[in-house]
Amino acid sequence: MISSGTNNLLPIEADDLAATEVIGAKARSLQQMTAFGLRIPSGFILTTGFFQPWFDIIQHSPSWDAWRTGTREMWPALCAAMKADALKLPFSDLQLLTLEELSERLAKHGPSQRFAVRSSSPDEDTATASFAGLYETELGRSPGELKTAIRRCFSACFDHRVFAYKAARCMDVEQLSIALIIQVQIDSDVAGVGFSVNPLTNDYDETVIDANWGLGESVVAGTASPDHFVVDKVKGTVVEWRLGAKQASVVLAAATGTTTAPHPQRGAYCLTEAQLLELSTAISGLETMYGHPVDMEWGYANGKLSILQARPITTYVPLPAEIVTMPGARRALYMDIALSKGMTSNAAISPIGLDWLAGDMALMLAHCTGNGRLDVKSPAGLLYLGGRGCT
């Protein structure tokens, strides 16, 4: 805990984990991984309490009232007005005190050290809502630029895409909260993302890794075609190597921020087999630690692996326990009928819907075969209907 007593500044390396409502899901994940002994870039968290005064000001402003009464079609322009107001907000005395303390803490890294400012909303990086690419990230910032970077990241809360994303998921669009992470910037030689489940095939026995030279921003933002690797995490072998075009890499600029340029080794794989196996082991370890499939952002600098964040995967299909095979065992064949021709739903089917389908199919099979005892309610039967889960 920081000595000022404001509770608005907390370290990533903390003995006691803070609540998600206080530091957001991303920051809490960083605290958990640090406590787990993983290499996480050092840094601090500006809590949701630090930004609450700014939300109070915006939510009592004419631009907020105009947004609340405006139509969805008007959101881009109305949100731009709120973002402009947010960028002009002054720091309160208490906020300035907190930032002074942050500056003192970061000074131990030296005046030339660069920092990354990342969002950590309580709504972000959850199992049902990732907000990927919607909030702002500032990379490669000097200590003197942190106040401006903090304002920019805060203002992203009012981006019309954030409100649209929330509305599409039936989230309260007027409930706003944000924390920010200020971390030592890792000058990665190679970076990217990894998944503990193959999101393309839904294979639980495979990890998938996408990578490019430089910082991971080109992979996360999709501005370059990365190298693509698939690792059998049961056997510990790389089963697929796919060379990406890696059109350009994002690297730290000489003075501040980042720049994009072609990498001289873009025609070569950017990861070795040893690194791929190390990454697969780290991703699998996180999956075990969290108890669910995860995707991970990572970077190698000077040959050392750092974990930048980890969050639940939102792009895989959770299977009913009855048809999940043991690691390394022969796979069970299944079909997602919600995605088949003729179905009108691509969402989870409710338990009552599954029960109705099972009964209906049992009647049809009995009519066609003359056998009224066909088992359609267990994985060992002729036909089994399991669901992704619905609440």
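Guide: Cys157 is buried, because its relative accessible area is 3%, and buried here means under 20%. The model is a predicted one. The cysteine sulfur closest to that of Cys157 belongs to Cys153, at 9.2 Å. A disulfide requires two cysteine sulfur atoms within 2.5 Å, so the pair is too far apart for a bond. A disulfide is a covalent bond between the sulfur atoms of two cysteines. By the distance rule, the count of disulfides comes to zero. Another cysteine, Cys368, counts as exposed, because its relative accessibility is 66%.

The largest nonpolar core has 43 residues. Phe51, Trp67, Phe154, Phe158, Phe163 and Ile182 are the members with the most contacts inside this core. Take Trp67 as an example: beyond its neighbours within four places in sequence, Trp67 is in contact with Trp75, Leu78, Cys79, Met82, Phe163, Val173 and Glu174.

Elsewhere, a loop runs between strand S9 (237-242) and strand S10 (249-252), and Gly244 is found in it. Gly244 counts as buried because its relative accessibility is 10%. Leaving out residues up to four places away in sequence, Gly244 touches Ser225, Pro226, Asp227 and Arg266. Arg266 is 22 residues from Gly244 in sequence, and their C-alpha atoms are 8.3 Å apart.

Strand S9 also holds Trp241. With a relative accessibility of 36%, Trp241 counts as partly exposed. Together with Leu243 and Tyr269, Trp241 makes a nonpolar surface patch of about 280 Å².

Now for the whole. The protein has ten helices and 13 strands. Of its 391 residues, 47% count as buried. Among contacts between residues at least 6 apart in sequence, 66% join residues at least 24 apart. The protein exposes about 19300 Å², and carbon and sulfur atoms supply 55% of that area.

How values were computed:
Residues numbered from 1 in each chain as written. Predicted model: local features only at pLDDT ≥ 70, side-chain atom pairs only at ≥ 80, totals over all residues. Heavy atoms only, no water. Helix = DSSP H or I, 4+ residues; strand = E, 2+ residues; numbered from the N terminus. Buried < 20%, exposed > 50% of the residue type's maximum accessible area, 1.4 Å probe, protein only. Contact = heavy atoms within 4.5 Å. Patch = residues over 30% accessible without salt bridge, like charges linked within 9 Å, V, L, I, M, F, W, Y side chains within 5 Å. Areas by Shrake-Rupley, 256 points an atom, 1.4 Å probe, with all protein chains shown as cover. Salt bridge = Lys/Arg side-chain N within 4 Å of Asp/Glu carboxyl O. Core = buried A, V, L, I, M, F, W, Y, C linked by side-chain atoms within 4.5 Å.
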